[in-house]
Amino acid sequence: MSRIAGVLDTLREQGRKALIPYITAGDPHPDQTVELMHTLVAAGADIIELGVPFSDPMADGPVIALACERALKHGTSLRQVTAMVKTFREKDPHTPVVLMGYLNPMEAMGYEAFADAAADAGVDGILTVDLPPEEADEVAPLFTQRRMDSIFLLSPTTTDERIRAISEHSSGYVYYVSIKGVTGAASIDVEEVGRKVANVQRIAALPVGVGFGIRDAETAAAVGKVSDGVIVGSVLVDTIARHQSDPAGLKKALTDLLHPMREALDGLAS
């Protein structure tokens, strides 16, 4: 059993929902990323999605695109991102880490070299935004051989047939994109999300995490009621941008944002 599956199984047995925050590696500075990861765990994160900075993040809105720019300005590379995870593992052997990014940096590094580096660092899952499962035959087996989960995206327009096909190629969890648009876009319709997620759960034998549009404890709890976990990204990355010159204030601001979400999600179990 993967570390991701173990955490999600434990949460399900406890009647709790997963809190999965996203930050971009190297933002606001590569020296701060590992400490921010520990801050997220202390604030209640169950799994961390760590973004690999890329110059053309097509699925991301301006908040995360600017985070990529800040990280790349400091020369943050894919090898550095795996090194960050390895350093994180020195103090935290338990919290799953998913690398989320685009195919180009992996291709440039070499798929096998990347898979080796990620597995050696203690990465648990890979989510490649622009890699559909039909084109993953060269890459996904490398992850499976190294006991890393392949995580794919589902959207509001994904058909039942495609949900079934994607779930057959997925492990760990599937990421349901709650809105038609980029990260940080419009508010979500929780009732509609609930209907869509219920359909995904009917078809796919995997937990469903919902991302895009979760901004506070209220929306986290609402989405948590209809899913297996909530994925929080742009609001955290925006917080990093606003506190990038104040490391201590940044950690407090992230905690103040994430901890109420943790409490709200845990309140669903009572």
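Q: Which residues point the other way from β7 than V174 and Y176 do?
A: In a regular strand the side chains alternate between the two faces of the sheet. In β7 of this predicted model, a strand in the sense of a DSSP run (E, at least two residues; helices are H or I, at least four; both numbered from the N terminus), V174 and Y176 point one way. The residues on both sides are all buried, where buried means under 20% relative accessible area, exposed over 50% and partly exposed in between, with a 1.4 Å probe and protein chains only. Those that point the other way are Y175 and V177.

Q: What pLDDT do local features need in this model?
A: Residues are numbered from 1 along each chain as its sequence is written, and side-chain values use heavy atoms, with hydrogens and water left out.

Q: Which residue of β7 stands opposite L154?
A: β6 and β7 pair in the parallel sense over two bridges, and two strands count as paired if DSSP finds at least two bridges between them. Within this pairing, the residue of β7 opposite L154 is Y176.

Q: Which strands stand at the edges of the sheet, and why is one side of each left without a neighbour?
A: The sheet is open, with nine strands in parallel pairing and in the order β5-β4-β3-β2-β1-β9-β8-β7-β6. Because each edge strand has a single partner, one side of it has no neighbour in the sheet, and these edge strands are β5 (149-151) and β6 (153-154).

Q: Against which elements do the buried residues of α9 pack?
A: Helix α9 covers residues 190-203 and reaches 20 Å from its first C-alpha to its last, close to the 20 Å expected, the expected span being 1.5 Å times one less than the number of residues. Its buried residues are V193, G194, V197, V200 and I203. The elements they pack against are β6, α8 (160-169), β7 and β8 (208-211).

Q: Which residues does L142 touch beyond four places in sequence?
A: L142 has its place in helix α7 (residues 140-145) and, at 13% relative accessibility, counts as buried. With contact taken as heavy atoms within 4.5 Å, the residues touched by L142 are Y111, E112 and A115.

Q: Is R147 buried or exposed?
A: R147 lies in the loop between α7 and β5, and has a positive phi of about 60 degrees although it is not a glycine. Its relative accessibility is 63%, so R147 counts as exposed.

Q: Is F212 buried or exposed?
A: F212, found in the loop between β8 and α10 (217-225), likewise is not a glycine and has a positive phi, of about 80 degrees. Its relative accessibility is 9%, so F212 counts as buried.

Key
This is a predicted model: local features need pLDDT of at least 70, side-chain atom pairs count only at pLDDT 80 or more; totals for chains, interfaces and linings use all residues.
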